[in-house]
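Here is a short tour of a protein chain for someone meeting it for the first time. Have a look at the structure, then read on.

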Amino acid sequence: MNELKDLQDKVAIAIFDYKKRQKAEARAAAVAAARSFGFSLEEVLGESKTRRASKVAPKYAHPENAELTWTGRGRKPKWIEAALASGKSLKDLEL
């Protein structure tokens, strides 16, 4: 039984290595194709080498606690939801 498990592990490693080689060859072919047109692969795919999250200035602030702010992106904070439920508008909460 141990021999079969060892064989199974070796087969799994061989498959992983094969897929890794195939992926590297595909990437090399893509890079070569992009270069033949005078571009880098990142330019063709629209990827940048360094992705940075840009900081966004807050647009809204809590009327009583100025430390509570929201940029207007993502989920609304509970204090925004509470203010909207009480009849205020986002315009009332703008900085």
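## Contacts and ground rules

Let's start with who touches whom. Take the contacts in the protein chain between residues at least 6 apart in sequence: 23% of them join residues at least 24 apart. Contact here means heavy atoms within 4.5 Å.

Keep in mind that this is a predicted model, where local features need pLDDT of at least 70 and side-chain atom pairs count only at pLDDT 80 or more, while totals for chains, interfaces and linings use all residues. Residues are numbered from 1 along each chain as its sequence is written, and side-chain values use heavy atoms, with hydrogens and water left out.

The predictor gives each residue a confidence called pLDDT, from 0 to 100. The protein chain averages 89, and 95% of the residues score at least 70. Helix H1 (residues 2-36) has the highest confidence, at a mean of 93, and helix H2 (residues 41-45) the lowest, at 87. As a rule, where pLDDT is low, the predicted coordinates should not be read in detail.

## Overall build

Helices (H or I, at least four residues) and strands (E, at least two) are DSSP runs, numbered from the N terminus.

Along its principal axes, the C-alpha trace spans about 70 × 50 × 20 Å.

Carbon and sulfur atoms own 55% of the accessible surface, which comes to about 8500 Å² in total (Shrake-Rupley method, 1.4 Å probe).

## Two residues up close

Met 1 sits in the segment before H1 and counts as exposed, at 72% relative accessibility. Its C-alpha atom is 20 Å from that of Ala 14, 13 residues along the chain.

Asp 17 is part of helix H1. Is Asp 17 exposed or only partly exposed? At 34% relative accessibility, Asp 17 counts as partly exposed. From Asp 17 to Glu 3 is 14 residues in sequence and 21 Å in space, C-alpha to C-alpha.

Note on methods. Buried < 20%, exposed > 50% of the residue type's maximum accessible area, 1.4 Å probe, protein only.
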